[in-house]
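Dear colleague,

I am sending you a structure for your studies. Please open it first, and then read the notes that follow.

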Amino acid sequence: MHCYSLTLSRATGIQSAVYGNFSAAKAQEVVVSRGKVLELLRPNENGKMQTVVATEVFGCIRSMAAVRLTGSSVDHLMLGSDSGRIVLIKFNKDKNAWVKVHQETFGRSGCRRIVPGQYVAVDPKGRACMVGAVEKQKFVYVLNRDNLANLTISSPLEAHKSHHITFSICAMDCGFDNPIFAAIELDYSEADQDPTGEAASVAQKHLTFYEMDLGLNNVVRKWTDAVDNGANLLVAVPGGADGPGGVLVCAENFIIYKNQDHEEVRAVIPRRSDLPGDRGVLIVSYATHKKKAYSFFLVQSEYGDIYKVTLSYEGDNVSELKIKYFDTIPPCASIVVLKTGFLFAASEYGNHALYQFVGTGEDDDDVESSSAQLVQTEEGFQPVFFEPRPLKNLLLIDEMASLMPITDMKVANLLNEEIPQIYALCGRGPRASLSVLRPGLAVTELAVSPLPGAPTAVWTVKRNTQDEFDAFIVVSFANATLVFSIGEEVKETNESGFLGTVPTLHTQLLADNSMLQIYPGGLRHIRPDRRINEWKVPGRRNIKAAASNEKQVAIALQGGEVTVFELEQGTGQLVEAEKRDLGEDVSCVEVRGEGRGGRGGEGGGRGGGVPGDPPVPDGLMRASFLALGTYDQTVRVLSLDPGQGLKNLAVQALNSVPESILMLYNAGPGADRTTEGGLFIHVGLQNGILIRSEVDRVSGQLTDSRTRFLGTKAPKLFPASVRGVRCMLALSSRPWLGYNDQGRFNLSPLSYDALDYASGFASDQCPEGFVSVVKSTLRILAVENVGDAFNTQACRLRYTPRRLLIHPDYKVLLIAEADHAAVPLAEREDLQARLAAIAEQEGAPVQGVEFNDELAALEEQFGAPKGQPGQWAGCLRIVDPATLSTVFVQELDNNEAVVSMALVELQLPGAGQGIEKLLAVGCARGLRYMPTDCEAAYIRIYRVLDAGRRLELLHKTPVDGGAPGALAGLKGRLLSGVGPTLRLYDMGKKKLLRKCEYNRLPHQIVSITVQGPRIYVGDAQESVHMMRYKKADNAFYIFADDIAPRYLTSLLPLDYDTVAAGDKFGNLVVLRLPKEASQQVEDDPTGGKMAAASGRLNGAPHKLEEVVKFHVGDTITSLQRAEMQAGGQEVLIYSTVMGAIGVLYPFTNREDVDFFSHLEMHLRQEHPPLSGRDHLGFRSAYFPVRACVDGDLCGQFASIPVKKQQMIAESMDRTTGEVLKKLEDIRNKIL
């Protein structure tokens, strides 16, 4: 078994975010790290955050910092990763990619506590940087420039201190004095030697300043001072000419200003009035807003409250520290203030957000605490209280979807669609949701209006070539044409000059701002001064197909006569330029200009050009090629050069009649299309296939044809615009969008009904959309989140979701939710009163917060109230997947948390009773972790009633020995993994009856699956155990286990002898029982009893073989097998904590294995990862990678320089096109 690993949807959670000007001076950009993906984000004019580029770095990004060298106008980025190297990278705008500037090795790879990389701090003037470890080691590097102004880096200077733990590092602002780095440290040397624990209880944190002496080129510990033991974060205060310097130490309940030779200035952090007294307030993220006149800090607490911190100072002397309540947003991993008045919030859980500042927190009504008003009492400092309120200073502008964390996932086609849906449990607490993911792009419906009849086509036309937005929508019917003007509203108009009594075949805005209407009987040329020229078709023939650009018009008459007109400069007349009789009826025509993707080739349908398409370049008068499809199943490329007489340049035979044709430029990433982009011709055939061929720009020859089946209807192709670049809309039995994303051509389905006809559309409210007709309606649509593999619909949940099941008979989703340190709904008095008031208004009871939008928004903003440690709130929920609505929800009482859930077929007690499918739920009361323990544990049995609309509790059985971590059915009985014990229960009338148990499993059972007589048990630390139950002896036997310890999180049987498993360190493994051993187990007359007694290596008699091993790089939370397209091959799908979804695709032939293995080998050498980590080392982080090709690395082939592409392709005896085609084909097979 050989697999191809591919990430379908990148991780959506963010670990850290950094602001800077990376691509150009004054470019407002944010770099975010998503585990092993580096992403550059930029807000567009409409305030939407857009991904400029996302790069897989094949390593764990631990920390980041922006580096601005003195005199430079753009920032570099410094990465601290698990590579054991410090890496400096910069963004290359032309290549649209990050480029490594420098890397320096200082330690071993991996996230180790004494290897630096956990913290990175850079001097504000860009002269030096410090990279630190959690313990002991810190290195300081001096940054310089060489003669060519390239960045250079010095040898590392050590600032180590053994037996010291570092909590935070920051670079102080000292102007042009020697750079100083501050660190919060704790000396544990005495605590380490003292077995009584007294030294540990009196250990003291210190704030230490390290000075980098640029003259002597060494680092000294300049100053150290005891600091509050709750200190967790340092914030540098602007210094030099901009402020007093020093640092803010964020500690539990306090913010303290400290500097050398300056007394500390302490202020208490305001706290919520409903917060329990024993809970402190910790600052988790901060952003500094620095201006010449003044600067302030925004800090956020762990509850989501943002405070504005300001300092009053004279010279270097700080007199007062003020902390003022600013606003409340969900807790963030990082907050970033942009100079354009935006705040980017990278949420810990749930969607990330972009806010606009509408106030700066100057309101006197808000609660403020000050160091001047600090009151000390016997119990400590007197707290300051506030009530959180709705947003006042911030306004939500945009949200970026995040699935982090995916706690469970199932793949099933519950709605009888073409492709199965992915149902994922995401988020935490009040931000939790059930998300339904469908492959394709989300479509927003902006307007729908009825039309008087069934339209046959639609176009949009601008009034002027320089206009940004469209002026008219032209709708053609079987015997008429309607024109609508676009303004505040879309209304019918007669002033366009279009002939309304005939059907329209094509429209175009020409270069001199005149409009063209082509109808079956001829051409209607409407001049800018509203004079009209007509050209009638000679004889009784009709025009069958037409295409145009700004300066040329091509028409095909019945019988195959093709005529080309050109716009004459000076007179503004359309003059017949070329004519040719092909002798074969033409089905479709397309004309396209050479040069920079110009309007010199607006083809096949769109009037007035697509936004972002530049005009024909200077000196280029006409398009080079005319493409047409004929009914003899061929596509021809004809020359449009004067005097050539439309001669054939290329002919391609097809296996069906071409229905539609479109030419597009494929721009490389950030490339100038004139040099790097290829010209491609797309042909939609009547059998539903799309063919994409490259056109040679000089000879017009067609090469490198690729095919893709789009649907049961013949695809109609139309130009549209995405991110200012011309793209393709293909309408078959479902709509598709073909567009360029980071240098690769993507063809993605749109999650919308089938469309009949469409055209690109641009207006004030919708800068990039398209107008379409469906039956007798006109619809204006816009595509959301271009570049995402999936579009998402979500249903709100009440608590953190833990388990998801699909009822196979009723096709409903069963969800178990539970939250630690949460207050159950029934005990929340504030909420009960509100719910009662809403129920009174609506005349129906409201079951919970998630059923009311207003309450849910407030709960999401402020978070749920905090309960006591060991207190749990949870519920069981049934969701209807068709409407994505909750049909039943029931709270759990008795302080119980759901730890496992399964649908099992149980033999009901009593004579004549049959087997029934029941819901078994494992619960633990007062569950605690580290170590895992609970006050009591139960197994609840529920009956599913009313066709999956209700649950009824049958009985509840107490179990001893720990929490029931896994449940499964076995031949009418219930298997339960209670702690390390496997138990078998029978169904009783009042409770479950224990029949058999096996208590020699190592640690904690986390999953149980059953196939026939075999039981696959997953242990929390000791991998997989294959077991059997022998009824005659009423005993379990282990007949096979694994040779390696694996901390399993998910287990999935692939066949009788093979299982796939994922662990919490991000390793995916496929284990198989050898064929001989499997046969031996089946043939054993003792059922494995004798074999189990004679185990090997203190374990089972047989050992599982590792067939596939691969390090994903993120904790795997669930595994599923499914076909991701109709008639496709089954793949293994996994989800991760960071919100990524990926697949393992099994290769079907040896040739593919060799090809992709070689491509991976070449890319490892020619294109090493950005983080400095060795690719093979990363994929073998815990176990050597085996029988698995990294598709994410192979996918980077498209983005490497052309010369390297050619070199790799030649060494594999292929062309670059063939390699890219292989990559595209395998991706299309998966999704």
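Leaving aside its neighbours within four places in sequence, with which residues is Thr 493 in contact? Please bear in mind that the model is predicted. The residues in question are Phe 472, Val 483, Phe 484 and Ser 485. Thr 493 itself is found in the loop that lies between strand E43 (490-492) and strand E44 (506-509). Its relative accessibility is 13%, so Thr 493 counts as buried, the cut-off being under 20%.

I turn next to a sheet. It is open and is formed by four strands in the order E39-E66-E65-E64, with antiparallel pairing. Strand E39 (443-450) and strand E64 (757-761) stand at the edges; each has a single partner strand, so one side of each is left without a neighbour in the sheet. From one strand to the next, the twist averages 25 degrees. E64 is joined to strand E65 (residues 769-774) by five bridges, and these two strands run antiparallel. Ser 759 stands opposite Val 771 in E65.

Finally, there is a pair of helices. Helix H7 (residues 1150-1166) packs with helix H10 (residues 1202-1211) at an angle of about 140 degrees, their axes being 10 Å apart. Their crossing is right-handed. H7 contributes Leu 1159, His 1162, Leu 1163 and Glu 1166 to the contact, while H10 contributes Lys 1204, Met 1207, Ile 1208 and Ser 1211. Of the residues in this contact, four are nonpolar, two are polar and two are charged.

Yours sincerely,
A colleague

Notes: Residues numbered from 1 in each chain as written. Predicted model: local features only at pLDDT ≥ 70, side-chain atom pairs only at ≥ 80, totals over all residues. Heavy atoms only, no water. Axes fitted to C-alpha atoms, helices over the stretch in contact; angles between N-to-C directions. Left-handed = near helix turned anticlockwise from the far one by under 90°. Contact = heavy atoms within 4.5 Å. Nonpolar A, V, L, I, M, F, W, Y, C, P; charged D, E, K, R; others polar. Buried < 20%, exposed > 50% of the residue type's maximum accessible area, 1.4 Å probe, protein only. Pairing = 2+ DSSP bridges.
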